[in-house]
Amino acid sequence: MKIVLYDGSFQGLLTIIFNTYNEKKIPDMIFRQYNPSIFNIDNIQTDYKKAAIVNEFIIRKLNKTILKNIYLAYLSEIENIEVDIIKYFNLSLKINSNAELHIEKDYIIRIKNAISKVINEKHKFLGLIRFRKLSNGILYAPFEPDHNIITLLSKHFINRYPNNKWIIHDIKRNLVLSYNKKVELSKINEFDNDFYLKEENLSYEEISFQNLWKTYFNNTTITERKNKKLQRQYMPTRYWKYLIEI
């Protein structure tokens, strides 16, 4: 059994695809994090040159849609999805076209389901992201998505707030998407994830609007018609944490 460990980056995945293509052997399992209970793991170091070669090869030999599907499936972070991605790449290469219609293959079904989950969650958070204006004027939005969708949000919010400085913070993954005339993605380690809950870190305008919104929300709510079960059906409780009104 061939078991592979990599750093979890997209370039790392493309490096594995490069190695697999040359070795003609697909790993049985691929991990993003070290698992001490498993022995004989091949630790693959990310090679940016190999990654660039694979990236260019897919675009030139196949098409951008296949590369996009690989990226979206990768963002799902579903356990061992990397193996299915490699199989999808190999089949697309074999038939010289996008293999996503070959749903007779179990791994194609898993790829399509993974992509669907990522896209659906992205659309949900385009409406659920809540920005708070900090005391320094920066708009800050914390969230904890199930999938690693933070990079998929940039285009929408650049168009929505082109003249503002803003930060979208994936607290679950310690990732920060920041914008100040250009967008940057970075990883942070030590951070007070609850700092936005402290009034001293918020602008006076933000505090006023939050109080106004909570007052409106509470006064327009018909207490007798509250239906928590229905609320959870339309919006799972895992999304409630960062909504000001709840």
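The side chains of Arg32 and Glu82 pair up in a salt bridge, with N to O at 2.6 Å. Keep in mind that this is a predicted model.

Q: Why is the contact between Arg32 and Glu82 called a salt bridge?
A: The label asks for a side-chain nitrogen of Lys or Arg within 4 Å of a carboxyl oxygen of Asp or Glu. Here the N to O distance for Arg32 and Glu82 is 2.6 Å, so the pair qualifies. By that rule the count comes to eight salt bridges.

Q: What makes Arg32 and Glu82 a link between distant parts of the chain?
A: They sit 50 residues apart. Arg32 is in the loop between strand 2 and strand 3 (41-43), while Glu82 belongs to helix 4 (residues 81-95).

Q: Which residues make the contact between helix 3 and helix 5?
A: Helix 3 brings Asn69, Leu72, Ala73 and Leu75, and helix 5 brings Ile111, Ala114, Ile115, Val118 and Ile119. By class, that contact has eight nonpolar residues, one polar and no charged.

Q: What lines the largest pocket, and which residues are closest to its centre?
A: The largest pocket holds about 680 Å³ of space. Of its 23 lining residues, the closest to the centre are Gly8, Arg32, Tyr74, Glu77 and Asn148. Helix 1 (10-23), strand 2 (29-31) and helix 3 (64-75) each give two or more residues to that lining. Helix 3 gives the most, with three. The lining divides into 11 nonpolar, seven polar and five charged residues.

Q: What makes a cavity something other than a pocket?
A: In a cavity, a 1.4 Å probe fits but cannot get out, whereas a pocket is open. The count comes to one cavity of 30 Å³ or more, and the largest cavity has a volume of about 80 Å³. Its lining includes Phe125, Leu128, Arg130, Phe143 and Tyr242, and helix 5 and strand 5 (139-143) each give two or more residues to it.

Q: How many charged residues line the largest cavity?
A: Four, alongside eight nonpolar and no polar ones. Glu and Arg count as charged, so Arg130, Arg132, Glu144 and Arg238 are those four.

Technical notes
Residues are numbered from 1 along each chain as its sequence is written. This is a predicted model: local features need pLDDT of at least 70, side-chain atom pairs count only at pLDDT 80 or more; totals for chains, interfaces and linings use all residues. Side-chain values use heavy atoms; hydrogens and water are left out. On a 1 Å grid over the protein atoms alone, a cavity is a set of points where a 1.4 Å probe fits but cannot get out, and a pocket is an open set with protein on both sides within 12 Å along at least five of seven lines; lining residues have an atom within 4 Å of a point. Grid points are joined across faces, edges and corners, and a volume is the space filled by probe spheres set on the points. Helices (H or I, at least four residues) and strands (E, at least two) are DSSP runs, numbered from the N terminus. Contact means heavy atoms within 4.5 Å.
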